[in-house]
Amino acid sequence: MNSYTNEQIADLVRPDRVHHAVYSDPALFALEMKRIFGRAWLALGHESQIATPGAFFTTHMAAEPVIVVRDLEGEIRVLVNRCTHRGPLVCHEARGETRQFVCPYHGWTFDPTGQLRFVPMESSYASSLCGREDLALAHVPRVASYRGFIFASLAAEGESLVDFLGPVASSYDDIVDRAPAGEVEVAGGMFRHAYNGNWKLVLENHIDTVHPAFVHQSSVHAAREQPDAESGDASTGGSRAGATSFADIQIRQMRQNGAPPAVWERLGIFAGPNGHGYMGDYHSDDRLVVAMANPVFAEYRAALSARVGAERATQILSTHRFNTIVYPNCSFMSQFRQYRIVQPIAVDRTIVNTFSFRLKGAPEAMFRDTVAFANIVNGTASEVLTDDLEVYERAQQGLSSGLVDWVYLGRGLGGDVPDSPGLRRGGMGTSELPMRNQFEAWSRYMTAEDATATNRATPRMAPSASTLNKPL
Ligand code: FES
Ligand SMILES: [Fe+2]
């Protein structure tokens with residue numbers, strides 16, 4: 001493997017281009033796991049996934065297997081899923097509820113705070129092991145939530161989660177504020193998909209407004225041949241309840257991908273700190289007007305207005321935000337209640353887990369629409385997602401060739417304008433500003449001095465696909 005000096009790494013990112021090695025060199029991938037995934041706040045999930053004492057789920061932070069658990073006092077902890085005896089995962093379940101984690105090898109038993117509570121045949125040791133701090137499950141050093149969304153960082157020091165998110169925190173506000181009861185919850189299971197390509201490709205694609213008309217051309221054409229839907233809009237949660245709502249949502253979304261270039265150019269494309277960004281103004285007002293005539297939407301709006309007042313409800317429902325990127329491991333759709341967590345496996349292998357949310361206090365028909373939308377856009381049988389996966393893999397194949405050095409990201413360069421504090425807006429909705437912004441963050445993380453770095457001393461291998469592909 002190549003090794004890189006910071007100067008060489010900095011040279012891989014230019015104002016209008018990046019070197020293809022950032023997508024294809026395993027040595028850079030290993031450094032990314034240490035310097036980006038080892039430093040940033042990483043999205044792990046939502047508090048509703050561990051609503052009760054002892055509830056847990058397992059996941060990975062870079063190579064580190066972790067258990068996200070609510071202890072018996074109600075505190076959320078992120079424990080390193082590695083037995084302190086001889087090293088195996090102490091928990092192999094994707095999720096569950098427990099009072100103790102029992103290592104499968106020799107039965108050492110840890111409580112949900114990570115403390116070692118029981119050691120079989122403990123008398124063989126010179127002194128008692130239970131309760132020893134050095135034999136407790138290790139803790140991930142920083143854990144924090146923003147409006148119920150759980151994050152953790154492998155770095156002992158760094159900016160707060162709120163500072164890390166900056167103005168992009170407003171996308172979390174957008175999803176939670178939509179709930180008439182003021183809370184959301186994960187519901188309806190999870191979609192998992194994988195592709196043979198670099199992790200950055202999905203984060204770039206989700207905020208790429210030029211690709212839909214081309215990558216999704218076949219489904220756009222198919223949707224145009226269908227009769228118009230009668231009413232409703234998945235974006236706002238209102239569609240007529242019944243057997244045809246899935247098709248309605250599907251046709252609308254697919255047609256939207258084929259919107260004329262002028263529509264895409266008018267979109268707001270925003271870049272924030274740390275590589276974050278979002279796409280705004282996705283659905284036009286006339287679609288909202290249709291939804292507002294829908295009885296389910298009217299019921300929902302009334303419930304929301306009852307809590308926050310009619311004026312505030314209008315303000316909340318007037319936000320039409322599509323994808324938000326929280327760099328480096330999250331892409332979510334606040335308006336559509338979809339949350340995607342990106343897990344790099346290798347330089348050319350990535351897994352994406354997608355969760356749906358229920359707006360507490362909203363009519364149940366809205367959640368059915370959310371699940372329908374999830375199937376259309378994020379489901380493993382989606383006619384939209386499969387197009388994207390195909391293009392990621394073709395991109396990876398092209399980027400893995402060695403004769404052409406650069407990837408060009410110059411669309412809209414020089415046209416960015418300052419927006420509200422902490423944000424830049426693309427001068428055109430099709431600007432590649434978000435990709436340039438992600439690489440600015442990439443370069444900063446990858447060349448930062450060790451003093452600001454993670455407490456991990458050496459790059460680690462990514463987890464194997466087999467440990468991530470366990471059943472749910
Ligand atoms: S390795 Fe876990 S109890 Fe021995
Ligand atoms: Fe796409």
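This is a predicted model: local features need pLDDT of at least 70, side-chain atom pairs count only at pLDDT 80 or more; totals for chains, interfaces and linings use all residues.
**Whole chain**

Zoom out. The chain has 17 helices and 24 strands. Of its 472 residues, 56% count as buried. Look at the contacts with a separation of 6 or more: residues 24 or more positions apart account for 67% of them.

One pair links distant parts of the chain: His-216 and Asp-388 are 172 residues apart. His-216 sits in the loop between helix H7 (212-215) and helix H8 (217-224), while Asp-388 belongs to helix H15 (residues 385-399).

Are His-216 and Asp-388 buried or exposed? His-216 has a relative accessible area of 2%, so it is buried. Asp-388, at 8% relative accessibility, also counts as buried.

Two helix pairs come next. Packed helices are described by the angle between their axes and the distance between the axes.

Select helix H12 (residues 295-308) and helix H13 (residues 310-317). Their axes come within 7 Å and cross at roughly 125°. H12 and H13 are therefore oblique to each other. Their crossing is right-handed. Show side chains: on H12, Phe-297, Tyr-300, Arg-301, Leu-304, Ser-305 and Val-308 make the contact. They meet Ala-310, Arg-312, Ala-313, Thr-314, Ile-316 and Leu-317 of H13.

Move to helix H3 (residues 26-35) and helix H16 (residues 433-447). These axes come within 9 Å and cross at roughly 80°. H3 and H16 are therefore roughly perpendicular to each other. From H3, Leu-28, Leu-31, Glu-32 and Arg-35 make the contact. From H16, the partners are Trp-442, Tyr-445 and Met-446.

**Backbone stops**

Switch to the backbone. Most residues other than glycine have a negative phi, and most peptide bonds are trans.

Go to Met-121, in the loop between strand S10 (116-118) and strand S11 (142-146). Its phi is near 55°, a positive value in a residue other than glycine. Met-121 is exposed, with a relative accessible area of 66%.

Next, pick Arg-337, in the loop between S19 and strand S20 (338-346). This residue is not a glycine, yet its phi is positive, about 65°. Arg-337 is buried, with a relative accessible area of 2%.

Then find Pro-328, in the loop between strand S18 (323-326) and strand S19 (330-333). Which form does the peptide bond from Tyr-327 to Pro-328 take? That bond is cis, with omega near 15°.

**Last stop**

Finish at Gly-74, in the loop between strand S5 (64-70) and strand S6 (76-80). Gly-74 is partly exposed, at 30% relative accessible area. Draw a distance to Ala-55, 19 residues apart from Gly-74 along the chain: the C-alpha atoms are separated by 9.7 Å.

Definitions and conventions:
Residues are numbered from 1 along each chain as its sequence is written. Chains are lettered from A and ligands numbered from 1 in the order in which they are written. Side-chain values use heavy atoms; hydrogens and water are left out. Helices (H or I, at least four residues) and strands (E, at least two) are DSSP runs, numbered from the N terminus. Buried means under 20% relative accessible area, exposed over 50%, partly exposed in between (1.4 Å probe, protein chains only). Axes are lines fitted to C-alpha atoms, for helices over the stretch in contact, and angles run from 0 to 180 degrees between N-to-C directions. Angles under 35 degrees count as roughly parallel, over 145 as roughly antiparallel, 65 to 115 as roughly perpendicular and the rest as oblique. A crossing is left-handed if the near helix is turned anticlockwise from the far one by less than a right angle, and right-handed if clockwise. Contact means heavy atoms within 4.5 Å.
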